[in-house]
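Dear colleague,

Please find below the structure that I am handing over to you.

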Amino acid sequence: MPSPSPGYSITVRVHAPVGAGTTSTLAAAIASVKGAMTALDVAESHPDHMVIDLTCDASDVAHADQIATAIAEVPGVTVGKVSDRTFLLHLGGKLEVVPTVPLTHRDDLSRAYTPGVARVCTAIAEHPEDVRRLTIKRNTVAVVTDGSAVLGLGNIGAAASIPVMEGKAALFKRFGGVDAWPVCLDTQDPDAIVEIVRALAPVYGGINLEDISAPRCFEIEARLRGMLDIPVFHDDQHGTAIVVLAALTNALRVVGKTLDRARIVVSGVGAAGHAVIRLLVAQGGTNIIGCGRKGILSPDDTADEFRTWIAEHTNPEARTGSLRDALVGADVFIGVSAPNILTGEDIAAMANDSIVFALANPVPEVDPVVAGEHAAVVATGRSDFPNQINNVLAFPGVFRGLLDAHAVDITDEMLIAAARAIADRVSPPELNATYIVPSVFDAGVAPAVAAAVRQVAERGPQPQK
């Protein structure tokens, strides 16, 4: 059973008899089914009974039900309402619109709205370049999805994707001060998506594509980049690649290896895998092996232009076989694929002082505890293990820098600069096998990333060496 997680937290209201041993008995009942009690609050106290709220973390929905049942079986205890704290958090959504100017009397309205606003509209019509200065465009990002590849849930559609996009927008604001808004489209036709985003782009300073399935996401991103004068960023690709590069930079420092000499195996050649490989190559990786569902990609793999690019720029030793075959003697494993596809024996077959990034979420490619028995450094995408590789380390700062620089495009140089800024937030005295990336709550990460991206953007394209 997975460890209890705040993602499956419940609060159970119980009526219990008064007594010195009541609370310890309730705690023991929760522990007996491996629940994790995180709070016990007495809501009401009466001469003969108490009303108590028990807050517990569970492993999944079934485990939450098991915890509630165990509490109900305590003699003298009656269970009232069982509240799922995750659903409570989402009631009514997680975003709101708040005016930035006072609207308290007629004078305010005359400037913020009619008649004064007409003068501002006319000024923008005459000088379109002023739109960033005089509107929300300067600080606003559209979080665009079609719901075709949401988290680990797959194609669940536009409406079901809204909670994720709300969360993304909340993270933009919390960590980057960026006003982002969910744009969940009820179409999965690339032509329609491109046209809709093109048409709504005037109000936004950037487009964050999210949870759009491959290979459609590549086409959509490329076409939008070609037609818009604002940056288009596919977080599943570029955000993941940035944080992976940052984490790998520090992991290699821990084990005393270098990117140009390390043999790296990447499992998953979709959006994330393609972007990770491209950025590793751009940063100097020379011995990378890409693996899909059928094993190592061969030079004749032409399923689409993106897999073809991977096949042409990886596997310099022309290896063949399965993912397990590729791992023998490898220095690094990066998984952006599927759960439970590897065992401890597979990790044991890697080189000494190996690095394992098992990033499938919520269930990694290999059990992190098992991997840690053989690898020197282990990272996952989960918050309940050390070394969480989380895109929130990247995208708020990246867009903060892009917006501040009035950037119109995103380059590999910007992505590498962002990765370097994240890696350098871990100082040499702090760096060790269980701390290769900063905390997502490190307040210095987003400003450092923003400054690095802005510096590159304002410097402009550099001549090729």
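The buried residues of α2 (buried: under 20% relative accessible area with a 1.4 Å probe, protein chains only) pack against β1 (5-17), α1 (22-32), β3 (49-58) and β4 (78-84), where contact means heavy atoms within 4.5 Å. Helices (H or I, at least four residues) and strands (E, at least two) are DSSP runs, numbered from the N terminus.

This is a predicted model, in which local features need pLDDT of at least 70, side-chain atom pairs count only at pLDDT 80 or more, and totals for chains, interfaces and linings use all residues. Residues are numbered from 1 along each chain as its sequence is written, and side-chain values use heavy atoms, leaving out hydrogens and water.

The buried residues of α2 are H63, A64, I67, A68, A70 and I71. Seen down the helix axis, they fall within an arc of 160 degrees (taken from the directions from the axis to the C-beta atoms), so they line one face of α2. The face turned away from the buried side carries V61 and A62, which are exposed (over 50%).

Elsewhere, six strands form an open sheet with mixed pairing, in the order β11-β10-β9-β12-β13-β14; two strands pair if DSSP finds at least two bridges between them. β11 (295-296) and β14 (377-380) are at the edges with a single partner strand each, so one side of each has no neighbour in the sheet. Strands β12 (residues 332-335) and β13 (residues 355-358) run parallel and are joined by four bridges; G335 has A358 as its bridge partner in β13.

Yours sincerely
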